[in-house]
Amino acid sequence: MAVNLVNVENVSKVYGTRALLDGVSLGVQEGDRIGVVGRNGDGKTTLIRMLAKLEEADTGRVTHSGGLRLGVLTQHDSLDPEATVRHEVIGDLADHEWAGNAKIRDVLTGLFGGLDLPGFEQGLDTVIGPLSGGERRRIALAKLLIDEQDLIVLDEPTNHLDVEGISWLARHLRARRSALVCVTHDRWFLDQVCTRMWDVQRGDVYEYEGGYSDYVFARAERERIAATEEAKRQNLVRKELAWLRRGAPARTSKPRFRVEAANELIADVPEPRDKSELMKFANARLGKTVFDLEDVTVTAGPKTLLKHLTWQLGPGDRVGLVGVNGAGKTSLLRALADAARSQGDVQPAAGKVVVGKTVRLAYLSQDVTELPGTLRVLEAVQQIRDRVDLGKGREMTAGQLCEQFGFSKEKQWTPVGDLSGGERRRLQLLRLLMDEPNVLFLDEPTNDLDIETLTQLEDLLDGWPGSMIVISHDRFFIERTTDNTFALLGDATLRMLPRGIDEYLERRQRMLDAAAPAPAPSAAPAAKAGPSAADVRAAKKELQKIERQLDKVSEKETKLHARIAEHATDFAKVAELDAELRALSGERDELEMRWLELAEDA
């Protein structure tokens, strides 16, 4: 029988006049993997801090089992700024000791991309003090995961991790024997890792079995039952009133409610987006041209991030952009934004960006625009516009849109200076949408947003008619809001991924496997002779041939992308062209693998 590691008994916590937790009782057992969700400010972090005994409850008590080994990742690390990464993560272990430990190798490779920490100038000997918040957070996470614990408590562990890092962390936590309690807004991660969910709402904590998807179904069913019970209660009140007024009792049959299976809950729900309808509307707003890139080269200082890029963003295109850090995702958006703002006068290092004459661009960058602290939320939105046209006859006032983004009527009069980071992010999004753009660039829009706000944003974007590029490490958000995924793999090219992020992770793994040094033979009797001069010449010749073939494949892919854009509303034709594109992608993969094999000999 599973043992309780932590017991939370009748715990309450009040801040000011607001009760974050009110008489909550919970338990964490051996083997539990619990995801904690809820709106920002509802008490998720407070709950796990009390669980870990980092914060005292006002009433009630929290008890730990004897000898509990507890590991906690908070939003603020306690690393020594004078220490090196080696000292904090590995401690006093000699190189041969930690390098021979499979767990340490896995953690360093998964979180930093290699044992030599390629993103850090001095590798393991880098001093922690000057590092960014994201780099320090990865170091704190690595330090935690290398140790053995009975229970791990994590507060937003996926922050500052890219898609690959999040995928690795999910695999790592699934393989561990430790129990887990985790606060995160990354819904894909919750589905991959968790087997139970805690939903923190208005002082209460509701428990659900299963991951995030199961939680969504179960919560919908609970709310449906509650709504039915409320409708039944109101109906009985009306009938009782009618009976009293008529003066004679009337026989009524009790309404019955049958609980449907989870799939029945969504049986009559339409697709999130009517793609053909949105495409028509986008064409009307944007015309035929949005952004056309011809042989473009994008640079950042002396580094070339993209070269010879020919690509098209058409009316109504919804594109998710993923890639390794530093590959040029943000730089590409900035180059397009500069061209749009200057009406084509500002161009990248080489090539040409053609911008449609009707393009109205809104660009959400990673930097939160600072507004006067005394300005009220509603005033900040009304500075842009009082009403906004959402298309298809839908119109919203500034106040209504504020409410949809989680700013209640009372909150709309809060000074901007009193808002949290997540609330400022929401306000920045709101101001962008109020300006009625027809092209949206969203660079990490999910930062600091809770799950409820994310779903509201996704719902709003479902009916938004225009072209959109989204950069995000939130896999769920990209898959939910975009129709096509493109990747920057660090080789100065942009590639379409028909199978989305799964294909991206597979490609990255193949690249890492190809780049890894071959293991040294354990007892080779004699060193193997290198390739002969004739072999080298033959390899170089075949390499040149493959490079020409790759150029031809790239040209065909570019033409196919253009044809797909041209036939965007003809689904049969798009499916046919997409099959050709997948075949070309397979051919490219085979050529690239052969190129890598030959490169070693050449």
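## Ground rules

In this predicted model, local features need pLDDT of at least 70 and side-chain atom pairs count only at pLDDT 80 or more, while totals for chains, interfaces and linings use all residues. Residues are numbered from 1 along each chain as its sequence is written, and side-chain values use heavy atoms, with hydrogens and water left out.

## Second largest cavity

The structure holds three cavities of 30 Å³ or more. A cavity is a set of points, on a 1 Å grid over the protein atoms alone, where a 1.4 Å probe fits but cannot get out.

Helix 6 (residues 163-175) gives the most, with three residues. Helices are DSSP runs of H or I, at least four residues, and strands are runs of E, at least two, numbered from the N terminus.

## Glutamate 164

Glutamate 164 also sits in helix 6. This residue is buried, with a relative accessible area of 18%. Buried means under 20%, exposed over 50%, and partly exposed in between, with a 1.4 Å probe and protein chains only.

The side chain of glutamate 164 makes a polar contact with the side chain of arginine 508 (2.9 Å). Such a contact is a pair of N or O atoms within 3.5 Å; within protein, one must be able to donate a hydrogen and the other to accept it, and residues adjacent in sequence count only if both atoms are side-chain atoms.

## Glycine 314

Glycine 314 is in the loop between strand 11 (303-313) and strand 12 (318-323). It is buried, at 4% relative accessible area. Beyond its neighbours within four places in sequence, glycine 314 is in contact (heavy atoms within 4.5 Å) with Val290 and Ser467.

## Aromatic pairs

Rings of Phe, Tyr and Trp (its six-membered ring) pair if their centres lie within 6.5 Å; planes under 30 degrees apart are stacked, over 60 edge-to-face, and the rest tilted. The count comes to seven aromatic pairs. Tryptophan 311 and phenylalanine 486 have ring centres 5.4 Å apart and planes at 70°, so the pair is edge-to-face. Tryptophan 311 is in strand 11 and phenylalanine 486 in strand 19 (residues 484-488), 175 residues apart. Both are buried.

Tyrosine 363 and phenylalanine 441 form an edge-to-face pair, 6.0 Å centre to centre with 80° between the planes.

Conventions. 1 Å grid on protein atoms, 1.4 Å probe; cavity = no way out; pocket = protein on both sides within 12 Å on 5 of 7 lines; lining within 4 Å. Points joined across faces, edges and corners; volume = space filled by probe spheres on them.
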